[in-house]
Amino acid sequence: MKHMLGSLVAAAMAATFSMAAHAEEFRLGLITPPPHIWTKAAGAFGAELAEKSGGAHSVSVFPSRQLGNEAEMLQQLQTGALDMAFMTVAEVSNRVPNLGAFYAPYLANDIAHAGRILRSDAAKSLLEPLPGQVGVVGVGYGMAGLRQIVSRGQVNSAEDLKGLKLRITPFTPILDFYNALGAAPTPMPLPAVYDALANGQVDAIDMDAELIWALKYYEHADTIVRSNHMMFPMVGLVSGRVWASLSAEDRAMIGELMARHVDSTIDSYLEKEAGWLEQISGTGKTYVEVDASFFGDAIEQWNAIWATKAESLDVLRETAANTQ
Ligand code: BEZ
């Protein structure tokens, strides 16, 4: 009897330890503020993972750059100090130039087309080298709409952008674009943008419609140039080290759920982008709608630079042509 009890206790302890070994409290970092679509999607992912894993897994979401900027979070993912992130493809493209092809000006005709490109097999295949190249697993794409320009002064032509201190997200494709335009691109992380525009530290910003509207950047501007000049993809990332420590079942569950929730952000922008732009156009600020011709030969210059930097450019262009 004593022997049987001992065996039962040992079995119970073994079961407890094996469950504990599989239960994880994941930390997910992002730079967007709590009400942002990406942050809400991260929260929804965590809630569904907790539910689907029967409470074994949980996700603590750290928004607003609480864990550092994106470059720092990418390093943390590499070491396994951070488990997961919803990150701009812009940041990852600083390490993997092939991802820079997404920023080919006017690769997408409109936001729905951008969504189709991001959902293509060609786009997904660009995530495959990430574990080997950066030590992270990319499970799928999200987005933050298309890029626009907000300026403190009047902008009626690309000439008016020349010499402007123009805030950009810190990544090379957009730097090359504004350099080609003769502006003075000023890399600046998202949380610093509002004050920089308000106090005139920058003359203009490169931004998406959601944040121009929600964070009221338009209040400190004279002109909104609705240019739709680039898409702005996001990627759901898991630390390669953390991924390697997961069971096959957990990888499948986490990969599928995270991919679905980052993808849901594409639907959110498809649904809401037009409404934000309409509200911005109704603010009384000068609202200029332009297309590729506005940017003159800057687009050709960009194409020439990136033809050698990103071999994926051709395949993404082909995909764009096939998903019109
Ligand atoms: C930006 O750098 O402009 C940005 C970053 C994340 C989400 C949206 C915008």
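Reader: In which helix is the place of asparagine 303?

Author: The model under discussion is a predicted one. Among its helices is one that spans residues 298-309. Asparagine 303 has its place in helix α13.

Reader: Is asparagine 303 buried or exposed?

Author: A residue counts as buried under 20% relative accessible area. The relative accessible area of asparagine 303 is 16%, so this residue is buried.

Reader: Which residues is asparagine 303 in contact with, leaving aside its neighbours within four places in sequence?

Author: Asparagine 303 belongs to helix α13. With the neighbours within four places in sequence left aside, its contacts are Pro105, Leu313 and Arg317.

Reader: At what angle do α8 and helix α13 pack?

Author: The crossing of α8 past α13 is right-handed. The axes of these two helices are 8 Å apart, and the angle is about 145°.

Reader: How many residues of the contact of α8 with α13 are nonpolar?

Author: On the side of α8 the contact includes Pro173 and Phe177, and on the side of α13 it includes Ile299, Trp302 and Trp306. Of the residues in this contact, 2 are polar and 2 are charged, while the nonpolar ones number 8.

Reader: Why is the pair of phenylalanine 102 and tyrosine 141 classed as it is?

Author: A search of the whole structure finds 12 aromatic pairs. In the pair of phenylalanine 102 and tyrosine 141, the ring centres are 5.2 Å apart and the planes stand at 65°. Planes over 60 degrees apart count as edge-to-face. The pair of phenylalanine 102 and tyrosine 141 is therefore edge-to-face.

Reader: How many residues apart in sequence are the parts that phenylalanine 102 and tyrosine 141 tie together?

Author: Phenylalanine 102 is buried at 0% relative accessibility, and tyrosine 141 is buried with a relative accessible area of 5%. Phenylalanine 102 lies in the loop between α4 and α5, whereas tyrosine 141 lies in strand β4, so the pair ties together parts whose separation in sequence is 39 residues.

Reader: What is the angle between the planes of phenylalanine 171 and phenylalanine 232?

Author: Phenylalanine 171 and phenylalanine 232 are both buried. They form an edge-to-face aromatic pair, 6.4 Å centre to centre, and the angle between the planes is 70°.

Reader: The charged end of which residue sits over the ring of phenylalanine 232?

Author: Phenylalanine 232 lies in strand β9. At 4.1 Å from the centre of its ring sits the charged end of arginine 147.

Methods
Residues are numbered from 1 along each chain as its sequence is written. This is a predicted model: local features need pLDDT of at least 70, side-chain atom pairs count only at pLDDT 80 or more; totals for chains, interfaces and linings use all residues. Side-chain values use heavy atoms; hydrogens and water are left out. Rings of Phe, Tyr and Trp (its six-membered ring) pair if their centres lie within 6.5 Å; planes under 30 degrees apart count as stacked, over 60 as edge-to-face and the rest as tilted. Helices (H or I, at least four residues) and strands (E, at least two) are DSSP runs, numbered from the N terminus. Buried means under 20% relative accessible area, exposed over 50%, partly exposed in between (1.4 Å probe, protein chains only). A charge sits over a ring if NZ of Lys or CZ of Arg is within 6 Å of the ring centre and within 35 degrees of the ring normal. Axes are lines fitted to C-alpha atoms, for helices over the stretch in contact, and angles run from 0 to 180 degrees between N-to-C directions. A crossing is left-handed if the near helix is turned anticlockwise from the far one by less than a right angle, and right-handed if clockwise. Contact means heavy atoms within 4.5 Å. Ala, Val, Leu, Ile, Met, Phe, Trp, Tyr, Cys and Pro count as nonpolar, Asp, Glu, Lys and Arg as charged, and the others, Gly among them, as polar.
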